[in-house]
Amino acid sequence: MARMTMIKAINSALDVLMEKDETVCSFGEDAGYFGGVFGCTEGLQEKYGLNRVFDAPINESAIIAMAIGMASNGLRPVAEIQFADYIFPGFDQIISELSRIRYRTAGAFTMPVTIRTPCGGGIYGGQTHSMSPEAFFTHIPGIRVVMPSNPHDAKGMLIASVECDDPVIFFEPKRLYNGPFDGDPHKPALAWSSHEKGEVPKGHYTVDINKAEIVRGGSELTILAYGTMVHVAKESARLAGVDAEVIDLRTLIPYDMQTIAKSVNKTGRCVVLHEAPRTSGFGAELIAQIQEDCFYALEAPIIRVTGWDTPYPHAHEWAYFPGQERVMRAIKQVLEN
Amino acid sequence: MSEKKSKSKNTSSKSARAKSVNPEQILSFYREMLLIRRFEEKSGQLYGQGLIAGFCHLYIGQEAVVVGMQSAIGEGDQVITGYRDHGHMLALGMEARGVMAELTGREGGYSKGKGGSMHMFSTEKNFYGGHGIVGAQVALGTGLAFANAYRKNDRVCLAYFGDGASNQGQVYESFNMAKLWNLPVVYVIENNQYAMGTSIARSSSETQLHRRGASFGIPGFEVDGMDVLAVHAAGIKAVKHARAGKGPIILEMKTYRYRGHSMSDPAKYRSREEVDAVRKQSDPIQMLKAKIMDEKIAGEAELKAIDKEIRAQVSDAADFAVDSPEPDPSELLSDVLV
Ligand SMILES: Cc1ncc(C[n+]2csc(CCOP(=O)(O)OP(=O)(O)O)c2C)c(N)n1
Ligand SMILES: [Mg+2]
């Protein structure tokens, strides 16, 4: 065991994977020689050679399409898209090819492609470096969508994703790379070294990419969150002084409805959080399913706290980001209803 | 201009250049390049003080490219570029105050704080951004040129992009359409040899980027992008070509960025010596200054006065950018749908 950042945990996962299986290779823009703009692939090219860890030109479309070809022909590629905001040149490849090849070939081919990509705000990235585009991908049948919220899960989930024969979009909340972030930008930055989930086992292990995790037990209401919002949820619940159950979804597709329904049936109240814009966000899917499965247990309308239905602005980052104040207001509202 | 000629490096000889540029123009090139340099230095300082946040890409080292090209276009011609855009805006005559205030995310910024360093526009100056998505501006600029041809307005679009951007697929889709319809667009490739931490050799099979239009029948020329007069001369020819209805043309500007890719770049992909050598040997401002002194276009005192004036302009812009209030939060919700 060692305490490490999410960056180091991801690096360690890739290291373990490449050590174990020579069909695993990793590539992306600045991800070879330079080691990635956030350092996630640092040292890997030196260790595994140019053939297995390499730089791609600025070609998101072909990066993703190449990965599909590589996977069809015996490799297990991990492609990095430098920021989730840049994944869209490859969106067609994801929808039209990646997600459908297994179905289209009646199972003759599997698609062990993992696309790693940093997402989310909180780093003053503005319109083109802050997006949380996960909902687009949850609408495409045939791909898994995951987003860890801490180093321990990041490593275990990345290993599970790469070893899985389905395509996986692996979102990395970049605000969490170096430490947990509870939504208060005025506090000094926290480090993973003082967080229990910064504790990362050495070597190979997996975290099930079909299972949510209850990160705080409670009985008054359920808060559903993933990525950075998990930490905001926990801190907001603590500040609000309520007995909230906080669930870290970890995996969006396929989402763990069993864990969610069990909790909502128990608490009867639910708040759903995401950084992404509200309309047609992943919260909409969760709420639709909850009302189908838990309708008679619900004591109050379910409330979403999300980003605004606008591009991510450069100014007023913290007015856009669904921070503690907005989450606490929703908690109060759902309890008073 | 034919593809073959591109083997002789620059498009014009020194003597030809000297004739077409008068002393006032040379001094104005000096002034504009210096404005960009000082502006960027100040931006770097404000960033260091935490007054500018997020991504901020400085143009230091590449000043000759925009200043030379700007002198080759006319009223109503359009300019579009990527995220390393401060120099382009200043060269177009956009207000230093408004640019700086966008960097600080204030109401007085060109995009009222919504856009930041990478996303600014000016309809008045025909500046079409400022784009954070690498390569997008090439296709957008081709569309601007299409509208020019459609409207028969005799205008030309300059679409600037980097060596890294030159690998994006949409660049080639654009090249094809631009030549197919002979659109009035000048593709200005700012080859500063690096795309973030990746050198051109590590990402490009054909590193002579002016050849990238060959298979589409688009002529291309390599230009010393550190020499504002060479850029000016090449720009004049290229713009003339595009305006004459001969279709797109590529200028590959060999240039260099002195600073990191953005403010958070550890710069471990190139050596200090490499950067210092360029600074010493081919700094566009120092080279022009030497010429000005040599040819007695102006004396030391006059150049000092220009520098002083520019420093005052830049510090005024910085004061404005820091004093301008934050946009009203309600502003965040506007301008999404009409
Ligand atoms: C579609 C897309 N992919 C990747 C990026 C990330 N990125 C921003 S700048 C850059 C390098 C571009 O280099 P170049 O075109 O040479 O321009 P320079 O920075 O040298 O001016 C990269 C990879 C992006 N902004 N958009
Ligand atoms: Mg470059």
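Reader: In which loop is the place of A:D30?
Author: A:D30 sits between β2 and α2 (44-48) of chain A. Helices here are DSSP runs of H or I with at least four residues, and strands are runs of E with at least two, both numbered from the N terminus. Please keep in mind that this is a predicted model, where local features need pLDDT of at least 70, side-chain atom pairs count only at pLDDT 80 or more, and totals for chains, interfaces and linings use all residues. Residues are numbered from 1 along each chain as its sequence is written, while chains are lettered from A and ligands numbered from 1 in the order in which they are written.

Reader: What makes A:D30 count as buried?
Author: A residue is buried if 20 or more other C-beta atoms lie within 10 Å of its own, exposed if 12 or fewer, and partly exposed in between, with C-beta atoms placed from the backbone. A:D30 has 25 such neighbours inside 10 Å, so it counts as buried. Its phi is near 60 degrees, a positive value in a residue other than glycine.

Reader: Which peptide bond is cis?
Author: The one that joins A:I253 and A:P254, with omega at about -5 degrees. A:P254 is in the loop between β12 (251-253) and α9 (257-267) of chain A.

Reader: What makes A:I58 count as buried, and what is it in contact with?
Author: With 26 C-beta neighbours inside 10 Å, A:I58 counts as buried. Two residues are in contact if their C-beta atoms, placed from the backbone, lie within 7 Å. Leaving aside neighbours within four places in sequence, the contacts of A:I58 include A:E29, B:V134, B:G164 and B:A195. A:I58 itself is in the loop between β3 (53-55) and α3 (60-72) of chain A.

Reader: How many residues does each chain bring to the contact of chains A and B?
Author: Chain B gives 33 residues and chain A gives 27. The side of chain B that touches chain A has 14 nonpolar, 16 polar and three charged residues. For these classes, Ala, Val, Leu, Ile, Met, Phe, Trp, Tyr, Cys and Pro are nonpolar, Asp, Glu, Lys and Arg are charged, and the others, Gly among them, are polar.

Reader: How do you know that helix α3 of chain B is largely enclosed?
Author: Eight of the eight residues of α3 (residues 63-70) of chain B are buried, so the rest of the structure largely encloses it. B:E63 and B:Q70 are among them.

Reader: Why is strand β4 of chain A called mostly covered?
Author: In β4 (residues 76-80) of chain A, five of the five residues are buried. A:R76, A:V78 and A:E80 point one way and A:P77 and A:A79 the other.

Reader: Which strands pair with β4(A)?
Author: Strands pair if DSSP finds at least two bridges between them. β2 (residues 24-28) of chain A and β4(A) have five, in the parallel sense, with A:C25 opposite A:P77. β4(A) and β5 (residues 114-119) of chain A have three, also in the parallel sense, and there A:E80 stands opposite A:R116.

Reader: What makes β9 and β14 of chain A edge strands?
Author: The open sheet runs in the order β9-β11-β10-β13-β14 (chain A), with mixed pairing. β9 (213-216) and β14 (303-307) each have a single partner strand, so one side of each is left without a neighbour in the sheet. Within this sheet, β10 (residues 221-225) and β11 (residues 244-248) of chain A pair in the parallel sense over five bridges, and A:I223 has A:V246 as its bridge partner.
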